[in-house]
Amino acid sequence: MIARLRPEKRAEYLELHAAVWPHVEEVSAEAGIRDFTIFILDDVIVGTYDYVGDDLDAAQARMEADPIMQDWWRLTSACQIPFREGSGLPGWERMTEVWHQD
């Protein structure tokens, strides 16, 4: 996934991720999300994770239904803008994997 940070919200975003809420990590883990990592370069953020399961859409729906996760996403998405201007997405855009080495 890829997005950009609003320059005026960069410090807030980094502060939030310096102390991710334990409930957010628990809900993500229960949904099968493993090894979630966010990288930053200037205003660009790139997120990667492994999914362990057989229905990512259902796992995503479970996370979306959690009120604390909704609060977390409300705070973090206020810091983000789409990577591509005019994409119509609120923040993260999914990228297509072209190569992976285990």
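This is a working chat about one predicted model and its single residues.

User: What kind of model is this, and what pLDDT do local features need?
Analyst: It is a predicted model: local features need pLDDT of at least 70, side-chain atom pairs count only at pLDDT 80 or more, and totals for chains, interfaces and linings use all residues. Residues are numbered from 1 along each chain as its sequence is written, and side-chain values use heavy atoms, with hydrogens and water left out.

User: How many helices and strands are there in the chain?
Analyst: Four helices and four strands. Helices (H or I, at least four residues) and strands (E, at least two) are DSSP runs, numbered from the N terminus.

User: In which pattern, along the sequence?
Analyst: The pattern reads β-α-α-β-β-α-α-β.

User: What box do the C-alpha atoms fill?
Analyst: Roughly 35 × 35 × 25 Å, along the principal axes.

User: What share of the residues is buried?
Analyst: Buried residues make up 25% of the 102. Buried means under 20% relative accessible area, exposed over 50%, partly exposed in between (1.4 Å probe, protein chains only).

User: What share of contacts comes from residues 24 or more positions apart?
Analyst: Those pairs account for 66% of the contacts with a separation of 6 or more. Contact means heavy atoms within 4.5 Å.

User: Charges next. How many positive and negative side chains?
Analyst: There are 9 positive and 20 negative, and the centres of the two sets lie 6 Å apart. Lys and Arg count as positive, Asp and Glu as negative; His and the chain ends are not counted. Each charge is placed at NZ of Lys, CZ of Arg, CG of Asp or CD of Glu.

User: On to residues. Is Ser-28 buried or exposed?
Analyst: Buried, at a relative accessible area of 15%. Ser-28 lies in helix H2, residues 22-30.

User: Which backbone oxygen lies 3.0 Å from a polar atom of its side chain?
Analyst: That of Val-24. A polar contact is a pair of N or O atoms within 3.5 Å; within protein, one must be able to donate a hydrogen and the other to accept it, and residues adjacent in sequence count only if both atoms are side-chain atoms. Beyond four places in sequence, Ser-28 touches Ile-33, Met-63 and Met-69.

User: Where is Gln-80, and what is its relative accessible area?
Analyst: Gln-80 is in strand E4, residues 80-82. It is buried, at 3%. Outside four places in sequence, its contacts include Arg-4, Tyr-13, Ile-45 and Trp-92.

User: What about Pro-82, which residues does it contact?
Analyst: Pro-82 is also found in E4. Arg-4, Leu-89 and Glu-93 are among its contacts, leaving aside neighbours within four places. Its C-alpha is 9.7 Å from that of Val-44, 38 residues apart along the chain.

User: How accessible is Phe-36?
Analyst: Partly exposed, at 44%. Phe-36 is in E2, residues 33-41. Leaving aside neighbours within four places, it contacts Met-1, Thr-48 and Tyr-49.

User: Last one. What does the side chain of Tyr-51 reach at 3.2 Å?
Analyst: The backbone nitrogen of Asp-55. Tyr-51 sits in strand E3 and is partly exposed, at 25%. Its C-alpha is 8.7 Å from that of Asp-35, 16 residues apart along the chain. Not counting residues up to four places away, Tyr-51 touches Ala-31, Gly-32, Ile-33, Leu-56 and Ala-59.
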